[in-house]
Amino acid sequence: MSNEANTCRKYVEPKLEEAGWETQPHDYYEQYYFTDGKIRPKNKRQPRGKRKFADYLLLYNGEFPLAVVEAKRKYATPDEGLEQAIDYAKILGVKFAYSTNGKGIVEYDFITGKQSDVIDSFPSPDQLWRRLRGEAKEQIREDIAEKLLTPFYPTPGKEPRYYQRNAINAALAAILKGQKRLLLTLATGTGKTTVAFQICWKLSSIEWNVTGESRPPRILFLADRNVLVDDPMNKDFSAFNQEKIYKIQGTAKKGRDIYFAIYQAIGDREDSFGLYREYNRDYFDLIVVDECHRGSARDESNWRQILEYFEPAYQLGLTATPLRDDNVDTYRYFGNPLYTYSLKQGIADGFLAPYRVYRITTRSDREGWQPTAGQLDRYGRTIPNEVYLTPDFERKLVRQVRTRAIAQHITDFLKSSDRYAKTIVFCVDEEHVKAMIKELRNFNSDITKNNPEYVSRITADAGEVGKGHLYKFKDVLDTTHIIAVTAKLLTTGVDIPTCKNVALARVIRSMTDFKQIIGRGTRVREDSGKLSFNILDYTNSTVLFEDTEFDGEPALIKESEMDDQGQILSETVQELESAESETEAEDFEENENSGFRGLPNDDDAPPRKYYADGGTEEITEEKIYDLDTDNQLRLSQLIEHTKEQVRILYRSTLEIQQRWANSQQRSEIIDLLADRGIDIDELKQVTKLPDADPFDLICHIAFDAPVLTYKQRAEQLRRRNPDFFQRYGEDAKAILEILLNKYAQKGVEEFNIPTTFKANREFDKYGNVAEIAQRFGSVQQLREAVNQLQNLLYSA
């Protein structure tokens, strides 16, 4: 038992119990793990990093987190763990942090900003709860505090994560204080729907409503796509009585508690007023607006009229996109976010999947393409004599050979990794989608001849068939719909947890759209082997990762005006020019009857693009980028990166050698390298040294040491230490010989006993693991013999 664990059991828990933290209904969590551990794709042995945990999380009424306690060894000073406790308290959103060595206790109070002297006991639950309540800015009013204790809806195996709890409590506190416009910014894949559901559940449980009547609130859940309301209605919100749930489509029924609708189904039409007008302006108490960055708050938006009509209602916006030039209207309408949880934090916590970026360049994208003088296109038109660059392709000029080259590369990539990895290909428009599907099907005809849905079209114009493909593609158990080709339909709000590849065949310049598209791959599905994903970038759109706006601190709307003495006079909103995002300008709309509906096309109009048939195209460059330890993209120049990192960690070959012979320290070295994006198998592949011992390979790259294979090391041991085997009896000697032969064939993992003994039939004649150990005298003597074998193996 560690010193900290001993302190917890012997000293801390009795003090917590004395203070009443184990008296019902109060409670505490011991070793409260609040992250899953950052995913490390290069570390096959331990694919996740260490999980963060607080030694104790103190809960008032068994539901509401109040304090974090960090315990250190008995002989440490009481304040040794205070900085860690403060850090964890900030993450978990609690106002009190404690450090203790089991004897003395030090407190940090976030409400007052003060650190205590050493005290002998913990405050009681009621004492801390009273301190939390009050009228100060950092405190919670008494009438609000009691309502925050309303239990979450209990979903087995799905307790709210720490950031979800923070977001839920922040929204509830703001609503109960009377704030009518609210915003939560949570990265794609972090459970915005779950957060919205728990907020609605708690408000319904306490019968909160605008008028103060004795009834549950009437809540409207709004989005702009059927899939964005159907999924919540059928999943999280199904916990509500089904007789109290209604999706508004065709008829404006009343007498329900939870309503779902898409703007297009209830909004005004050219020939009639919208269904929303059949409800009184004050009918709804709360409106939840999902994916609110997608145009609902824009001043000129027809959808904005719906929100303004229901002005008396509290309105909660949910988005994955921090404030940028292309979504400023969202922040202007809803205000600054009450709580933000970013993609960067989600990856660091292990709740979201990290990514590898492949930037692939065709010859025409690198050099541009120019027609010959007077060259005619497919329709006999003269192609303007100019240089066409990446943004022009498929918009001004179509070259079938370029689409074919991209489709060939996507196919080759899947063949070299996993042909049944769910993949989304984003194209420029409907025409480009169809062309890409044709090429992908032709390159994968060995599969598509039996399963044409292997490549499927999921666009607005695909209608009900496309909608069917979408639901199949989303299904984690489906193995037929593998490559989804789309333009903009899958950019946002669609949960595809097993998506492993996102291919960008169109230029993306809107940061809002880019974050949404990347979000298609960030969900983790561990039981399906989905821990990371790849981005195949054919248009250099991933340069947006390098923009500080991608995942930096979110900008905020400035809302205060001060006089010369620094006193706030009034609150105003900074006017920023709003840039329309690509997604908000999509050329389709959705209604309650069709699900998908594209805008009509003028069949008599001449093509708006030029079509340059013939010619050739090829991939001229491919660069691979990985996330480093700071979640920044780094060009994957593996050899140079390995040399640099090994030299940072170790001063010489000797220093590595002294650790390598010990299996535990060897594992630590491999883990340290994996954390820095260095995978031994990938090193072997890049250096074309598949049989090299990892120790020799690492030392060769970092310190120019000679490379020995497994077989050469084994032969060297036999030659230099012939007497080693003579120390043991015949059976023990034979067992060690087999172990060494296994190492010569497969590598150092063969020294992992008893696994190797159980997995290889050659050892069967010597009995089970216990019987093998007896041939050495004991288990301890077996371990010593194997350790000595490894020491001799790496002694030179």
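**Entry 1: a helix pair.** I am working with a predicted model. I began with helix α19 (residues 653–660) and helix α22 (residues 694–703), which pack with their axes 10 Å apart and at an angle of about 165 degrees. Angles over 145 degrees count as roughly antiparallel, so α19 is roughly antiparallel to α22. I also looked up the handedness: α19 passes α22 in a right-handed crossing.

**Entry 2: the residues between them.** Which residues of α19 meet α22? I found T653, I656, Q657 and W660 on the α19 side. On the α22 side I found P694, F695, I698, C699 and F703. I then sorted this contact by class: seven residues are nonpolar, two are polar and none is charged.

**Entry 3: the sheet.** Next I turned to an open sheet of six strands. I read its order as β1-β2-β3-β4-β5-β6, and its pairing is mixed. Which strands stand at the edges? They are β1 (27–33) and β6 (114–115). Each has a single partner strand, so one side of each is left without a neighbour in the sheet.

Entry 4: I picked out β2 (residues 53–60) and β3 (residues 64–71). They pair in the antiparallel sense, over five bridges. Within this pair I located Y56, which stands opposite V69 in β3.

**Entry 5: a helix on the sheet.** Last, I looked up helix α2 (residues 82–92). I saw that α2 lies across β1, β2, β3, β4 (96–100), β5 (105–109) and β6. Its direction is about 155 degrees to β4.

Conventions. Residues numbered from 1 in each chain as written. Predicted model: local features only at pLDDT ≥ 70, side-chain atom pairs only at ≥ 80, totals over all residues. Heavy atoms only, no water. Pairing = 2+ DSSP bridges. Helix = DSSP H or I, 4+ residues; strand = E, 2+ residues; numbered from the N terminus. Contact = heavy atoms within 4.5 Å. Axes fitted to C-alpha atoms, helices over the stretch in contact; angles between N-to-C directions. Parallel < 35°, antiparallel > 145°, perpendicular 65-115°, else oblique. Left-handed = near helix turned anticlockwise from the far one by under 90°. Nonpolar A, V, L, I, M, F, W, Y, C, P; charged D, E, K, R; others polar.
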